[in-house]
Amino acid sequence: MKKTIVVLLTCLIVYQWYVSRTPALTQSISLKEVSVHQGDLVLINKQTKIQQDPRNLSAVAKQVSETIVEPDVLLEDHVATALHRMMQRAKKVGIDHFRINSAYRSGKLQQALYEEYGADFALPAGHSEHQTGLSVDIGSTRGKMKQSKEGRWLAKHAHQFGFVIRYPKGKESVTGISFEPWHIRYVGLPHSTKMYEENWVLEEYLNYLKQEHTYQIQTAGHTYFVQYTKHRALKIPDTPVFDVSGTNTKGFIVTSRLQK
């Protein structure tokens, strides 16, 4: 009898803990018009091919002192904005010798690079993140990224601005790509924070979401509630601020910023 009571009390405590961390899902949204192949969290790798080209590319202007931007560097609008904000923050602490080498590439250009340099140095058209407009290669004018102040600063702070080091050291068996400290991918907040804290790459993060379905996190002064679903209709917290991203496979990730 005592054992049964203990079990019931434990279950009650766990339930109350879960409820306290899960906001009321009172708002219904439809994902019928949302593409599973678009969004900040689409997975592009050797196994998963890009299905839709970016829609809102803009030029990355030279807005930070001592930063060199190669000609015709394009990113999705909101990613370019986040990149500028990150560069400005780095400049304030004396880290400003960046070189922005490459960002968006068309499928034609990517295939040309693949044919010229081979599989050891490039991915074939359709399998490179550069075709999404979400990734950018950033170097340092002071040396190799893995040894420079710029590289160390990005590795430690990029997640605060929605970026991650897409191909970190030690994750080669997951990504299939060698360590590239210069390849920065935008996934947005709070996802970059969660990935940084857990030492996950995008493949691992998406697998976590598929298993757990929801989680809540506080970062950058806000509380976020993240949901994964395969359905086209979903209940989310009652908030005007939410974002939807496809995964490029079969699911969607809905990120709600909770009201204080």
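This is a predicted model: local features need pLDDT of at least 70, side-chain atom pairs count only at pLDDT 80 or more; totals for chains, interfaces and linings use all residues.
1. Secondary structure and overall dimensions. The chain contains seven helices and 13 strands. Its radius of gyration is 20 Å, close to the 18 Å that the globule rule gives for 260 residues, so the chain is as compact as a globular protein of that length. The C-alpha trace spans about 70 × 40 × 35 Å along its principal axes.

2. Of the 260 residues in the chain, 47% are buried. Among contacts with a separation of 6 or more, 65% are between residues 24 or more positions apart.

3. An open sheet is formed by five strands in the order β3-β5-β6-β8-β7, with mixed pairing. The edges are taken by β3 (68–69) and β7 (163–167); each has a single partner strand, so one side of each is left without a neighbour in the sheet.

4. The β5–β6 pair. Strands of a sheet pair through backbone hydrogen bonds, in either a parallel or an antiparallel manner. Here strand β5 (residues 98–102) and strand β6 (residues 135–140) pair in the antiparallel sense, over four bridges. Within this pair, F98 stands opposite S140 in β6.

Definitions and conventions
Residues are numbered from 1 along each chain as its sequence is written. Side-chain values use heavy atoms; hydrogens and water are left out. Helices (H or I, at least four residues) and strands (E, at least two) are DSSP runs, numbered from the N terminus. The radius of gyration is taken over C-alpha atoms; the globule rule is 2.2 Å times the number of residues to the power 0.38. Buried means under 20% relative accessible area, exposed over 50%, partly exposed in between (1.4 Å probe, protein chains only). Contact means heavy atoms within 4.5 Å. Two strands pair if DSSP finds at least two bridges between them.
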